[in-house]
Amino acid sequence: MTRSPKRATTLSCLLPPADSLPWAPPLDSCDVVVRLETAGITDTVAQREYGYHDAWGLAEACFSWLRTFPASDVRGCRQSSLVEYWKGLSFALPLCLCCLAMVIFRFSLWGGDVSPQLAAAVGFGTVSSFVTTGGVVQAMARRGLFFFTVHDGATGEIVCWRWVPLGAAWLAICGLVLLAPCRYYHWLPAPFDWIALAFHLSLGLLWLATGILHMLERSLWSAVATVAGICSVVLFHRTLHVPLVGAQITGIAVATAFAFAASFVFLRARRRADGGRPRALSSALDLYLAWPYFLFGALYFLLIFADRLLAWTVPDIAAASPVQFRGDYETVLDVALIAFVLQVGGVRAATFTFFRNMVRSQKQHGISARAEFLRDMKRAYAKNATSFILLGAAVSTCLYLTASRFSTVVHDRGGTLLGALLGGSLMVIGLWNTSLLFRLALPVDVAAAIAPAVAVDLLIGYLLSRLGSYHYAVAGFGTGAGCFAALTTRNVLRRLKALDYYYLSSSV
Amino acid sequence: MVHRTSVLLTTEGTYPCYSGGVSVWCDYLVRCLRNIDYHIFAITHAPSQQPRFACPPNVTSCVLHPMWGTEEPGTDETNFSEVHERKIRTDRTALLRRFLPHFSSTLRQLFSSDPDPESLAGGLFGLHQYFREYDYANSMRSRAAWEAFLETAAASDISLNLEDATHSMRWIQRYLSLLAVRFPRVDLVHSSMAGLAGIPGVLCKLEQGSGYLLTEHGIHMRELYLHLSRSPYSSACRRFLARFHRAITSMNYHHADVVTCLGEFNRQWQIHFGADTNRIHAVPNGVDPASFRPRPSPPRSRPTVLTMARIFRLKGIDVLIRAAAEVRDRVPEVQFLVFGEIVDQAYFSQCLALVEELRLGDHVSFGVTSDSTSAYAEADVYCLPSRSEGLPYAVIEAMMSGCPVVAADVGNVADLLGGTGLTVTPNDSPEMATALLRLLSGPGAEDLRRSLAHQALERARRHFTIHQFTQRFEEIYDEVAQARHDAVLSLATG
């Protein structure tokens with residue numbers, strides 16, 4: 001027969017503690033014995049003070065009433081979706097600062113109120129820098145993030161610095177490879193081809209540096225680097241009367257140096273905080289794990305910028321060179337970019353909320369209720385996707401009406417703007433899917449979706465811009481983005497059928 | 001050529017990467033038994049962990065196996081071409097025909113409330129053989145593995161929800177990663193604990209016929225219960241972890257040729273968890289009498305109480321601080337020195353707050369020392385306030401240094417002291433203060449200190465020298481290796 005401990009009230013050592021530490025009811029009487037012993041209730045004490053033969057006897061008696069106590073509530077860290085939205089938006093801060101500089105000074109860190117040929121050179125260099133470094137930055141960030149997630153700052157730092165020279169070399173190779181046909185076919189007359197190369201190289205290095213800062217969630221420092229760069233351009237161009245291109249290249253160099261210095265400081269701080277020694281790294285493993293991210297990074301920027309390249313290269317007898325910057329087209333796309341940025345901020349927040357809700361739902365569903373869990377998550381996905389569609393429609397409509405009213409250029413190119421807005425909204429859905437698939441460690445699904453999307457973009461954009469007007473290149477972007485959204489949605493829906501499994505296998 | 005015995009010494013969270021008693025014990029063992037060729041297999045927390053102990057020349061290999069923080073568990077990430085070949089080989093047919101039968105059988109034992117050690121060992125060995133040819137990460141992360149896990153979990157009496165199941169499967173994916181390791185050919189495996197570090201002992205025994213010696217300092221299951229009682233996991237997860245480790249522990253006890261413990265207290269626990277009483281041998285720890293010996297104590301202005309312990313809750317530093325407040329009231333010039341690495345920063349902060357609350361700033365100080373021998377010489381009393389212990393090295397060192405001991409009566413401490421020190425009820429600060437005051441103030445205090453120190457020294461020199469414990473292990477190695485040799489011979493002769 002079980003009897004109550006003689007002095008049960010004095011066994012407070014077995015009860016939930018007053019401090020905030022987690023506490024759990026005992027699993028069995030062995031568990032109780034251990035707790036008693038560590039509270040000083042040894043066999044002797046159990047015998048002397050509680051009247052039991054030993055601590056095991058006392059534990060047997062205590063177990064039945066202790067198991068009824070609930071486990072103490074362990075609160076997870078509460079993070080706001082709004083904070084996540086801001087983090088998602090913060091990547092665009094340097095871009096906003098550049099726009100602001102353009103309004104104030106009529107030039108920025110790159111670009112400005114310049115001749116069409118110079119604008120074409122700068123534009124060409126800018127686009128090629130994004131496409132070339134996009135893959136490297138993605139691969140570097142994914143590999144680096146893994147090590148930071150597992151608190152291995154030493155290896156994380158090494159990985160980052162290993163990808164930077166690789167990225168620089170890749171940048172130089174691509175730059176030279178692009179320069180050759182540029183010179184041969186006279187796409188850009190000298191010295192504009194060299195100017196394009198200069199922007200390609202300098203901006204590419206800046207993206208590598210800011211990529212590290214974004215990975216470390218130090219986007220504000222990217223903004224500071226941009227401000228430092230803009231200030232340098234103002235100083236060199238306005239005060240020292242250096243030609244704008246020279247001042248801008250210098251400004252980009254300043255921003256790059258600043259961003260690299262900040263990256264160095266933050267990476268070193270992370271390394272110190274985590275401690276430990278760096279592990280041996282395998283380049284083969286790096287490539288095996290990073291290639292889909294690399295492919296995505298490169299193709300993503302190609303998908304974004306392909307229509308511009310197509311628009312700029314539409315044959316024009318009146319143009320001085322085969323590559324012709326299209327100011328009106330660029331203005332419309334810049335307006336659409338605002339809508340895109342506002343929506344992209346939501347991707348991070350939506351991903352964060354989706355997985356937070358998924359864990360909650362997992363807690364509510366037993367193993368036998370797996371089908372219900374999967375159904376709930378499919379509903380949650382559909383709800384999120386609908387929200388993005390509605391958000392896209394709302395932001396696009398507002399922007400379309402506002403911009404058409406205040407800008408004659410935009411008013412005249414309403415169709416182009418609509419195409420760009422639609423494409424942007426579809427891209428956001430694609431990116432939301434990408435974010436989910438990346439979180440589930442399924443980058444191949446994304447790479448497999450973006451490759452045909454780029455092909456569609458190039459094909460449709462090329463045909464329509466050549467058969468009609470250069471403005472029709474935007475249709476390529478719209479259909480490419482639609483293809484990307486559709487294929488990633490299909491892939492996500494396929495994975496949602498076994499979300500519990502993919503979530504498990506995504507763990508590090 | 002003389003055959004040198006080869007031993008695979010397996011550790012988990014201790015030697016050579018972490019400080020603490022077990023690490024010191026391993027270091028003594030490999031340094032003193034120079035005629036043994038040691039291979040070290042150490043389970044560490046993360047790949048960034050670096051060795052703290054330099055291995056002597058008779059350590060022929062040292063493999064660190066990180067349990068966490070690797071992207072491809074169970075693979076040698078530096079040799080990726082081989083890994084890639086195995087990945088390609090791991091197709092659906094291999095998973096269904098060669099992996100799943102062993103995995104499912106292992107899972108059934110891990111979930112069982114009454115696991116069969118033979119079946120579990122068979123399942124683990126089958127997986128070990130499988131991972132020689134096929135990829136660990138691709139197999140353990142396969143959908144087939146997850147479905148098998150869910151099926152087994154659903155059939156068990158542990159009601160896991162999907163989140164618990166995810167956690168539990170992730171633990172399995174990590175814990176079993178050592179099944180993919182290729183262990184060296186050795187005469188015997190010496191595991192320093194009954195948990196995961198014991199698995200190589202079972203695998204080598206089944207594969208090579210190696211001997212298997214299991215040494216426990218703390219009791220693995222006991223320490224697990226302590227950890228789980230304050231863990232943030234759900235009841236179902238804790239239940240699964242307890243089942244998992246209990247199954248592994250009982251498998252290790254079942255397969256070990258010899259199980260050693262530090263004393264009677266631990267022996268009782270080992271028997272409770274299924275160890276065969278006939279195979280359990282008590283081998284107490286020992287220290288080097290040349291390093292730890294009575295030294296002329298330097299003149300002291302203040303009575304000094306020394307505690308050498310890593311700082312976390314089980315070491316009971318808070319109990320010591322409360323006792324210090326009572327001692328201070330009677331002996332105002334007393335000082336308490338606590339030397340040890342801070343393991344739990346939050347607990348250390350609580351201790352500092354308690355020191356401030358009790359206005360003990362001038363009486364209690366924390367630090368680390370590289371010269372522990374001098375620290376014992378400079379102390380009047382050594383105090384062990386722990387809530388849980390095996391056979392603490394610090395107490396043996398204090399005894400060998402001629403320092404009188406006041407210790408909480410935990411684990412094997414009372415057996416260790418054998419009446420040559422004062423033992424008090426664990427967690428009882430007033431009783432500890434009374435014992436300390438007996439040695440620090442009053443007319444007979446100095447005589448009592450001297451007498452206890454003398455008796456403790458005699459006892460330590462008689463029972464707890466490094467020579468005695470290493471010699472005992474050498475004998476056990478010979479016994480186990482000989483028994484293995486005889487078994488192989490009898491098999492060969494039919």
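How many residues of chain A are in contact with chain B, and how many of chain B with chain A? In this predicted model, 48 residues of chain A are in contact with 47 residues of chain B. Contact here means that the C-beta atoms, placed from the backbone, lie within 7 Å.

Helix H1 (29–38), helix H7 (153–184) and helix H11 (283–312) of chain A each supply at least two residues. So much also holds for helix H12 (327–364), helix H13 (370–406) and helix H18 (499–505) of chain A. H1(A) gives the most, with six residues. By class, the side of chain A that touches chain B has 27 nonpolar residues. Twelve polar and nine charged residues are also present on this side of chain A.

Chain B contains an open sheet of six strands. The strand order is E10-E9-E8-E11-E12-E13, and the pairing is parallel. Strand E10 (364–367) and strand E13 (422–424) of chain B are the edge strands, and each pairs on one side only. Neighbouring strands of this sheet are turned by 20° against each other on average, direction ignored.

Within the sheet, strand E9 (residues 335–339) of chain B runs parallel to E10(B). Four bridges join these two strands. Leu337(B) stands opposite Ser365(B), a residue in E10(B).

A helix of chain B covers part of this region. Helix H12 (residues 317–330) of chain B lies across strand E8 (304–308), E9, E10 and strand E11 (381–384) of chain B. The helix runs at about 170° to E9(B).

Notes:
Residues numbered from 1 in each chain as written. Chains lettered and ligands numbered in written order. Predicted model: local features only at pLDDT ≥ 70, side-chain atom pairs only at ≥ 80, totals over all residues. Pairing = 2+ DSSP bridges. Axes fitted to C-alpha atoms, helices over the stretch in contact; angles between N-to-C directions. Contact = placed C-beta atoms within 7 Å. Nonpolar A, V, L, I, M, F, W, Y, C, P; charged D, E, K, R; others polar.
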